[in-house]
Amino acid sequence: MREAAAISIADRCFVARTLPFSRPDATAASHPATDASQDAPITAVHPTWQAGVAPGRPAANISTLASKGSNVSNATSADTGRSILIVGASRGLGHAMAAEFAGRGWRVLGTVRSAGTALHSLAAERPGAVEIETLDMTDHDQMRALRDRLIGREFDIVFVNAGIANRAPGDTMAEAPTDEFVRVMITNVLGAMRAVEAFGALTRPGGVIGVMSSGQGSIANNRNGTNNVYRASKAALNQAMASYAGRHADDRRAMVLMAPGWIRTEMGGANAPFGVEEAMPQIVDVLIAKQGASGLHYLDRHGQSVPW
Ligand SMILES: NC(=O)c1ccc[n+]([C@@H]2O[C@H](COP(=O)([O-])OP(=O)(O)OC[C@H]3O[C@@H](n4cnc5c(N)ncnc54)[C@H](OP(=O)(O)O)[C@@H]3O)[C@@H](O)[C@H]2O)c1
């Protein structure tokens, strides 16, 4: 329960202070999201936002793990024979997860949308251990094509990490441009669940199907009502995953909705209290520990249940 309370507090901070979640104007940092209506018209479009796609962008956090002395990407670790598929591993938490599993001797297949990402650097460091596929999970044809390419493969863990936030996260539902709402929902709910539907079956019996949710997906913990669109997308993701779990009630696979906490990434921003080098080993520990624990679990990175 203490952990859940901590997440709730972190969520409140996350909304008010996260840099990429804030408007790129000078007032954003000093105004909580509830002041959003005062500083942006409903049609505001921020030029710094590239519709969630970053072709050719230098990947963030490429050197974060190595420069902070993490033991991820440890070239001497043995191959455990274990494998994971990570959807959305180009940067941020997905890349950190790939590096952490690879460092523990797992074989990693990660997906990206563009060339020259941090995952490409990791794959170059660890030939044979890290494999890369291309997938925009909002593209139905790409999803089908990758599913077909992976027929016959089996993974111990399939983890759908990819997700986005809307460009003006303080927007209420009245303020959020419709296309922004749709973009976030299509990515965080439809895209993520289509990835679960497409690749979940590749998880071995007793393995784990994981999805990156958020503490902000919790309805029970939503005390301040901020970050409407993102919260709604993660709550909808949780609900959709509950439906998936209901349809697979006899499945021996564990299903995990992960609430990682507020982590420094492009999405989390520089003010987040935790770095990937601290958070990711905990997230990975939870996923590994959940093997064999069938049913749906909404967990934080310490393995504690998050209230729905
Ligand atoms: N950081 C936090 O504090 C925090 C807290 C709670 C939950 N989360 C969740 O954790 C996940 C990762 O977040 P992050 O902080 O690492 O964010 P990030 O640094 O912005 O990375 C987002 C990742 O998602 C990928 N992606 C976005 N849209 C995609 C699409 N349509 N198809 C395939 N991949 C796509 C991105 O690929 P490109 O490089 O191609 O753009 C990138 O790899 C998200 O689901 C997020 O909601 C983050």
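**Exercise 1. Identify the residues with the most contacts inside the largest nonpolar core, and describe the surroundings of one of them.**

Solution. The largest nonpolar core holds 64 residues, and Met97, Ala98, Val108 and Ala192 are those with the most contacts inside it. A nonpolar core is here a set of buried Ala, Val, Leu, Ile, Met, Phe, Trp, Tyr and Cys residues joined through C-beta atoms within 7 Å, where a residue is buried if 20 or more other C-beta atoms lie within 10 Å of its own, exposed if 12 or fewer, and partly exposed in between, with C-beta atoms placed from the backbone. The model is a predicted one, in which local features need pLDDT of at least 70 and side-chain atom pairs count only at pLDDT 80 or more, while totals for chains, interfaces and linings use all residues. Residues are numbered from 1 along each chain as its sequence is written.

Next, take valine 108: leaving aside neighbours within four places in sequence, valine 108 is in contact (C-beta atoms, placed from the backbone, within 7 Å) with Ile84, Ile86, Ala98, Phe101, Ala102, Ala129, Val130 and Glu131. A second, separate core of eight residues includes Ile164, Ala165, Val184 and Met267.

**Exercise 2. Work out how strand E5 is paired and how the chain reaches E5 from E4.**

Solution. Begin with E5 itself, residues 203–212, of whose ten residues seven are buried; helices (H or I, at least four residues) and strands (E, at least two) are DSSP runs, numbered from the N terminus. Strand E4 (residues 155–160) pairs with E5 in the parallel sense over five bridges, pairing being assigned if DSSP finds at least two bridges between two strands. Within this pairing, valine 160 has valine 211 in E5 as its bridge partner. The chain passes from E4 through helix H7 (residues 178–199) to E5 in a right-handed β-α-β crossover, that is, with the strands pointing away from the viewer, the path from the first strand over the helix to the second runs clockwise.

Then turn to strand E6 (residues 254–259), which runs parallel to E5 and is joined to E5 by five bridges; here valine 208 stands opposite alanine 254. The crossover from E5 through helix H8 (residues 228–247) to E6 is likewise right-handed.

**Exercise 3. Decide whether methionine 258 is buried or exposed, and list its contacts.**

Solution. Methionine 258 lies in strand E6, and methionine 258 counts as buried because 26 other C-beta atoms lie within 10 Å. Not counting residues up to four places away in sequence, methionine 258 touches Gly210, Met212, Ser213, Ile283 and Leu299.

Key. Two residues are in contact if their C-beta atoms, placed from the backbone, lie within 7 Å.
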